Amino acid sequence: MRTIKLAAIGCGNRTTVYANLVKQIAGEKFKITALADPVKERRDEIAGYEKTAEIRHFDSADEFLKQEKMADAVIIGTQDDYHFNPAMGALKKGYDIILEKPISNNLEEVLILDRTARELNRKVIVCHVLRYTPFYNKVKEVIESGLIGEIVTVNASEGVGTWHMAHSFVRGKWADTEKSSPMILAKSCHDMDILSWLVQKKCLAVSSFGGLEFFREQNAPPNAPFRCIDGCPVAESCQYNALLYMNEQRVPWLSVVFDPESMKKNQGGASDDEIRKWLETSPWGRCVYHCDNNAVDHQVVTMSFEDGITATFTMTAFDEGRNIEICGTKGTLKGGTYTQKITSHDLVFYDNRYGKITTWDIEVESGGNDSHVGGDLGFVSMLYEELTAEDPSLMRSSIHESVESHVMAWGAEISRKENRVVELKELVKKMEL
Ligand SMILES: NC(=O)c1ccc[n+]([C@@H]2O[C@H](COP(=O)([O-])OP(=O)(O)OC[C@H]3O[C@@H](n4cnc5c(N)ncnc54)[C@H](O)[C@@H]3O)[C@@H](O)[C@H]2O)c1
């Protein structure tokens with residue numbers, strides 16, 4: 001069996017998750033040969049998974065890309081605004097790529113990367129990990145079995161969850177969409193991707209509404225200070241109190257943003273005093289009503305697909321988990337967090353003709369980010385097969401497939417901002433001029 005040499009550009013949270021899973025489940029198939037990140041501790045953490053191999057370290061993507069090719073594939077796990085340059089550089093150097101989503105936070109760059117990958121005949125796998133979850137694979141299997149008939153409508157939703165919203169999209173790295181990406185791309189390109197994967201038809205047009213309503217200055221309780229640590233009058237009852245990083249919100253949130261060296265010294269557990277100090281200066285110590293955020297906290301998208309299929313998608317900060325309802329000509333398939341809560345089954349089908357109910361309970365092995373419900377583990381389990389496949393079109397989440405979700409997301413964002421229906425063909429045509 002051929003060993004695949006892997007390198008990584010950006011050794012933060014996501015790359016660490018993948019490298020850790022590679023070590024756990026496919027260590028003999030992969031070998032990490034090079035790591036690029038300005039933060040040495042992050043490189044060291046990943047290098048620690050590969051005790052025997054020689055690993056070359058670089059301070060930046062540029063330094064790494066100046067060298068001769070030193071791996072078969074490179075993981076690109078930098079932030080949203082820095083995917084395009086390293087990805088183009090890596091393609092030109094002859095690497096296949098495991099590219100974090102979004103492909104880029106600029107649609108034109110998305111199209112250029114797709115075209116370049118095809119011209120150079122390189123594989124680019126986009127980390128749309130939901131395609132690798134047992135849940136969505138079961139949904140796809142049921143659709144393809146013909147049980148529900150022809151799909152007519154789909155309603156899907158994603159509840160981001162209040163703490164996740166506050167952590168990532170109010171206080172955190174995706175709060176300012178100018179520096180990162182619009183919410184519908186940053187968070188929900190997964191959902192656009194799953195919809196297009198399940199429907200298996202082209203999305204023709206989208207419209208969208210939404211905005212930032214809650215996490216704003218005018219909703220701050222009277223006398224709430226800029227930082228929670230400065231003694232807030234509603235500290236006890238506020239679900240967003242940053243002091244919760246010391247206890248109930250410590251795992252998994254703190255470790256992905258807290259200084260890694262300090263976490264390591266304390267075997268993963270920073271002391272309360274260290275966290276208090278951090279809350280005095282860190283963006284994660286700010287009151288959620290006094291941040292510089294502009295990411296929307298709710299958005300709805302309506303979609304028109306080929307063959308008259310329609311779909312809706314709602315992203316909201318104020319619910320938790322994903323839900324899907326697919327109405328076919330023979331009946332309705334419902335699944336996700338809400339269905340699980342009220343029926344104790346993950347997926348339920350109601351047959352229109354016979355009134356028969358079929359249910360499915362889906363087992364998920366843990367590994368990676370739990371909110372990805374087995375997607376990280378599924379993704380890494382398939383990685384070797386996908387990188388060695390002769391035919392790149394067999395990749396489940398190729399850049400070519402993923403472009404569709406990015407076009408849908410950009411169409412939705414333009415629609416939301418300009419209050420109009422966006423024809424996706426026109427949007428792409430404009431970009432390609
Ligand atoms: N697939 C998913 O479900 C999923 C989930 C969360 C995040 N993401 C995406 O993954 C990407 C990474 O997110 P993250 O949470 O791991 O971010 P992170 O901030 O933890 O990691 C980014 C890393 O890039 C490094 N970096 C910065 N400049 C660099 C340079 N010039 N050269 C090399 N490295 C550099 C940083 O030091 C940091 O370690 C983002 O685009 C994010 O949107 C995907």
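## The second largest pocket

The lining of the second largest pocket is made up of 13 nonpolar, six polar and 13 charged residues, where Ala, Val, Leu, Ile, Met, Phe, Trp, Tyr, Cys and Pro count as nonpolar, Asp, Glu, Lys and Arg as charged, and the others, Gly among them, as polar. This is a predicted model, in which local features need pLDDT of at least 70 and side-chain atom pairs count only at pLDDT 80 or more, while totals for chains, interfaces and linings use all residues. Residues are numbered from 1 along each chain as its sequence is written, and side-chain values use heavy atoms, with hydrogens and water left out.

A pocket is found on a 1 Å grid over the protein atoms alone, as an open set of points where a 1.4 Å probe fits, with protein on both sides within 12 Å along at least five of seven lines, and its lining residues have an atom within 4 Å of a point. The second largest pocket holds about 800 Å³ of space, a volume being the space filled by probe spheres set on the grid points, which are joined across faces, edges and corners. Of its 32 lining residues, D114, H400, E401, V403 and E404 lie nearest the centre. Two or more lining residues come from each of α5 (107-120), α9 (189-199), β8 (203-211), α14 (399-418) and α15 (424-432), and α14 gives the most, with six. Helices (H or I, at least four residues) and strands (E, at least two) are DSSP runs, numbered from the N terminus.

## Domains

The protein is divided into domain 1 (4-122), domain 2 (131-215 + 294-432) and domain 3 (217-285), with bounds that come from an automatic or database domain assignment. Because domain 1 and domain 2 both give residues to its lining, the second largest pocket lies between them. The centres of domain 1 and domain 3, taken over C-alpha atoms, are separated by 31 Å.

## Helix α11

In helix α11 (residues 272-281), the buried residues are I275, W278 and L279, buried meaning under 20% relative accessible area and exposed over 50% (1.4 Å probe, protein chains only). They cover an arc of only 100 degrees around the axis, which puts them on the same side of α11; the arc is that of the directions from the helix axis to the C-beta atoms. The exposed residues D273, K277 and T281 sit on the face of α11 turned away from its buried side.

## Cysteines

With a disulfide taken as a pair of cysteine sulfur atoms within 2.5 Å, the count comes to zero. C189 is in no disulfide, and the nearest cysteine sulfur, that of C127, is 10 Å away. C189 counts as buried, at 0% relative accessibility.
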